[in-house]
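Student: I would like to see how the words used for a structure follow from its values. Can we go through one step by step?

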Amino acid sequence: MPTDDDDANPTKEYEQWKIRELKRIKLEREEREEKKREKKEIERRRDLTQAQRDEENKRLGTDQTEKKPKSKYTFLEKYYHKGAYFQEKAKEDTNHIYNRDYNAPTEEDKWDKSALPKILQKRRGYFGKKGNSKYTHLVAEDTTNYNPAFKVPEDIANKILYKTAGYKGLQSLERPSRKKKKKKKKKKV
């Protein structure tokens, strides 16, 4: 339970506050100095030539040359994602399971499926299984619908079109400020 006694020991509380304040000031100064160091490093890197920058990247190990080249996929090969978790274990141990090539084809993916008829070109032997569709992608299909029952009537289509921005005065060539205003006649009594 917190105490509500403000007059317990003011000198001790002042000393504790003083220490906290000095730590905060020190931390802020260190953050400012770190930002200055980062800016100096950025300016130094900008002044380097491209060849010098590439050499420094290789020395530090931050360049793209150390990455393994990705293998090409075979026709209809299934893609596996390596994942993002526990990847630091792969960096520590070179024989770790996370270091294997996930893009390598499995036994079923190794043979050429492009020689098969189009209906048999399925991944992993899924031909004839429940829920399998004969359509693989919409690119290969003609989805134009010429059925007149689903066509929007022309009067409704025109009504929607006339409500769109910029279409209202398309047929009129007059300047909007020059339009004639109708004057009301006043009746005399």
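Student: What joins the side chains of glutamate 56 and arginine 44?

Tutor: This is a predicted model, and in it a polar contact of 2.8 Å joins these two side chains, glutamate 56 and arginine 44. The cut-off for a polar contact is a pair of N or O atoms within 3.5 Å.

Student: Why is glutamate 56 called buried?

Tutor: Glutamate 56 has 8% relative accessibility. Buried means under 20%, so glutamate 56 counts as buried.

Student: Where does glutamate 56 lie, and which residues is glutamate 56 in contact with, leaving aside its neighbours within four places in sequence?

Tutor: Glutamate 56 is part of helix 2, residues 50-60. With those neighbours left aside, its contacts are Glu41, Arg44, Arg45 and Leu48.

Student: Why does valine 152 count as partly exposed?

Tutor: The relative accessibility of valine 152 is 47%. Buried is under 20% and exposed is over 50%, with partly exposed in between; therefore valine 152 counts as partly exposed. Valine 152 sits in the loop between helix 3 and helix 4.

Student: What makes the nonpolar surface patch of about 270 Å²?

Tutor: Val152, Ile156 and Ile160 make that patch.

Student: How many helices and strands does the protein chain have?

Tutor: The count is four helices and zero strands. Of the 189 residues, 7% count as buried.

Definitions and conventions
Residues numbered from 1 in each chain as written. Predicted model: local features only at pLDDT ≥ 70, side-chain atom pairs only at ≥ 80, totals over all residues. Heavy atoms only, no water. Patch = residues over 30% accessible without salt bridge, like charges linked within 9 Å, V, L, I, M, F, W, Y side chains within 5 Å. Areas by Shrake-Rupley, 256 points an atom, 1.4 Å probe, with all protein chains shown as cover. Salt bridge = Lys/Arg side-chain N within 4 Å of Asp/Glu carboxyl O. Helix = DSSP H or I, 4+ residues; strand = E, 2+ residues; numbered from the N terminus. Buried < 20%, exposed > 50% of the residue type's maximum accessible area, 1.4 Å probe, protein only. Polar contact = N/O pair within 3.5 Å; in protein donor to acceptor, adjacent residues only side chain to side chain. Contact = heavy atoms within 4.5 Å.
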